[in-house]
Amino acid sequence: MANTVDFTPCITSHPADSEVHCRLLLVEGTCGSSTTANGNIQIIAHENNFPTQTFPVKNGRFKALIHLSSGENLIQLNFIDRQQTWESIWPVNYIPLLQIPPLNLCILVACDSPLTFDDTPDCEYPPDLETAIKRLRLAGYLWQSYTASQMFSNGFNHRTFRLDESYQPDTLSSVDQSSRNTVNIRILRSRYTTAEIRDPNRAQQNSNAKDKDSLFDIALEAIRSEFQEERNYVAVLLLDSHYDNNLITGHAALGSGGINAKYSVGIFGSHTLFSWPTTLEDVIPCFTNERTVDTKYCGIDAEGDKYWIACNVGLGAMLHEIGHALGCPHEPDGVMMRDYIRLNRSFCAVEPPGPPALDGNECSWHRMDMIRFRIHPCFALPDDESFWKSHIQCVAIDEGILLKSANGILAIEFYLEHDEVAKSWVDYTENPAAEVILWKEELRNRVNGEGKINVHVIATDGTDVTIGDIDDLLQTQHIPEIGKVWKSMKFGQQTGSPSTILLPADPLIKVVVHSGFALDGLEFVTRERSFLFGKRGGSPHDFPMENGEFIQGFGVRSGAWIDAVQIMTNKKRSEWFGNINGGSEHELTVPDHGDYRVCGIYGEVEDWVKQIGIQYSLRE
């Protein structure tokens with residue numbers, strides 16, 4: 001009897017009956033156990049409520065985008081060989097998470113914009129605002145499905161960002177434009193003209209430009225008039241980008257934001273929009289289009305001289321800026337470096353030949369990106385544990401640096417001063433640590449080089465701190481009548497004149513806080529004299545001290561400088577003094593409240609206090 005080869009399609013990337021949270025689900029699978037299957041697989045949506053989609057199969061493997069409707073879905077997969085059709089049914093449950101803040105997709109246009117983007121005269125779709133809306137909408141779903149796939153395959157559950165959607169005519173398919181819940185694309189009309197937006201002095205790629213970052217400010221101005229939520233996450237396509245005289249004007253690839261920012265924004269030009277897919281039926285053709293870019297009409301961004309590479313670079317680079325908006329810095333590899341030149345490999349099992357820049361693995365989010373997403377409100381899942389915001393304590397001890405967080409430390413990154421990318425990192429996601437000691441011997445090995453070491457610590461509740469110049473923090477002093485003295489990290493960013501005071505051995509009768517819109521100074525008063533850190537600016541505020549009471553630390557609100565302070569003793573806490581709405585809240589405390597005491601204050605002072613830290617010693 002002849003041996004029959006089984007080509008039954010099977011999804012391998014996700015278990016059956018998975019509960020997922022994105023409308024387009026990016027999956028991988030196989031056609032039976034054979035590695036000889038080549039051709040196409042059909043994806044038939046639940047109850048045929050979306051047009052059937054086709055994706056290539058190569059050597060028995062496929063990647064596909066599956067359209068889902070809210071609730072339970074039974075997806076039919078068909079692989080057709082020359083003799084028969086091989087079918088399977090795959091169940092999956094789609095639950096939109098409407099309670100988490102969305103990523104809003106926008107197109108910025110000049111006040112007199114022609115509402116067009118660069119493309120060739122023989123383009124398939126008109127290069128107008130309507131096409132731009134369709135392409136950005138689909139791009140949003142591609143970014144969302146890609147991120148969901150990355151998070152799940154790396155052990156972070158079915159987690160991705162939500163897109164702002166409403167019930168309206170859908171454009172994801174060229175076959176059916178029925179009304180469905182689909183992504184809203186907001187049109188932001190700027191007060192600036194097309195000529196002003198296309199000013200070469202604003203062009204990011206112009207080495208002689210004097211105002212390269214101004215397009216971000218122009219976009220932010222328009223965003224602020226449209227979005228007034230407490231937290232706003234926005235990705236903006238600049239429609240009026242234009243390639244002219246070998247320069248792409250009206251374009252900037254910029255992003256900035258984080259968990260606590262009111263506006264988290266990524267912007268990108270429309271200069272690669274000519275290569276993006278308009279509908280789901282276009283995704284594979286766009287990722288395999290070997291046509292050469294005609295530079296008479298369209299600009300080439302780096303390696304993107306072929307349409308399919310231009311598509312990778314455009315979609316990937318805008319996702320990179322969205323990554324910045326979601327709090328991700330540059331990383332050694334992945335989306336937050338430049339691996340998105342290989343973005344097509346995540347969506348398609350086949351690939352045209354390409355340049356050496358395409359050598360390497362499939363593009364991914366870096367592990368540290370995904371750790372940041374794990375605790376970002378845009379990626380929250382209903383079953384996630386809730387945390388009260390706590391503080392990360394960072395102090396020097398004999399063994400090295402002691403880090404503490406009541407909610408647990410999630411990750412630590414190690415940098416050399418002036419490095420943009422971390423030299424190494426430690427991941428505690430499997431078992432967040434309440435306490436970590438960074439041993440002196442290991443710190444230099446973590447950065448594998450000379451220079452000042454900076455450490456960035458991330459806690460499970462989203463709080464984070466950056467500790468500058470670890471070697472300086474590890475330096476101890478021996479002071480007569482006090483003994484060995486250690487110090488904490490400093491808060492505040494701006495510099496001034498270094499300043500240090502030692503607290504008196506005599507009991508304090510009060511602390512006078514000098515403050516207005518910032519902390520001006522701290523004055524420690526005994527019955528005989530006073531000791532001032534900073535200056536006597538603003539207004540004085542007395543904090544009386546009782547018998548047997550001593551200082552154990554300070555609450556600090558800081559950003560660029562020290563906005564406000566709270567005094568912490570072994571008996572009580574003071575109210576906040578200064579600008580209580582400024583900066584972010586932190587704490588400066590001794591390692592163990594029972595064994596140590598604050599014996600000094602150090603930092604940087606100018607017109608007011610720019611930086612502050614504590615010195616501490618063993619209690620007698």
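This is a predicted model: local features need pLDDT of at least 70, side-chain atom pairs count only at pLDDT 80 or more; totals for chains, interfaces and linings use all residues.
Residues are numbered from 1 along each chain as its sequence is written. Local features need pLDDT of at least 70 and side-chain atom pairs pLDDT 80 or more, totals for chains, interfaces and linings use all residues, and side-chain values use heavy atoms, without hydrogens and water.

Q: At what angle do helix α1 and helix α5 pack?
A: Helix α1 spans residues 129-153 and helix α5 residues 307-325. Their axes lie 11 Å apart. The angle is about 65°.

Q: Is α1 roughly parallel or roughly perpendicular to α5?
A: The packing angle is about 65°. Angles of 65 to 115 degrees count as roughly perpendicular. Therefore α1 is, to α5, roughly perpendicular.

Q: Which residues of α5 make the contact with α1?
A: Contact means heavy atoms within 4.5 Å. From α1 come L136, A139, L142, W143 and Y146. From α5 come L315, M318, L319 and I322.

Q: How many residues of the contact of α1 with α5 are nonpolar?
A: Ala, Val, Leu, Ile, Met, Phe, Trp, Tyr, Cys and Pro count as nonpolar; Asp, Glu, Lys and Arg as charged; the others, Gly among them, as polar. The contact has no polar and no charged residues. The nonpolar count is 9.

Q: What is the volume of the largest cavity?
A: A cavity is a set of points on a 1 Å grid where a 1.4 Å probe fits but cannot get out. Residues lining the largest cavity include H14, C22, F152 and R159. Its volume is about 60 Å³.

Note on methods: Axes are lines fitted to C-alpha atoms, for helices over the stretch in contact, and angles run from 0 to 180 degrees between N-to-C directions. Helices (H or I, at least four residues) and strands (E, at least two) are DSSP runs, numbered from the N terminus. Angles under 35 degrees count as roughly parallel, over 145 as roughly antiparallel, 65 to 115 as roughly perpendicular and the rest as oblique. On a 1 Å grid over the protein atoms alone, a cavity is a set of points where a 1.4 Å probe fits but cannot get out, and a pocket is an open set with protein on both sides within 12 Å along at least five of seven lines; lining residues have an atom within 4 Å of a point. Grid points are joined across faces, edges and corners, and a volume is the space filled by probe spheres set on the points.
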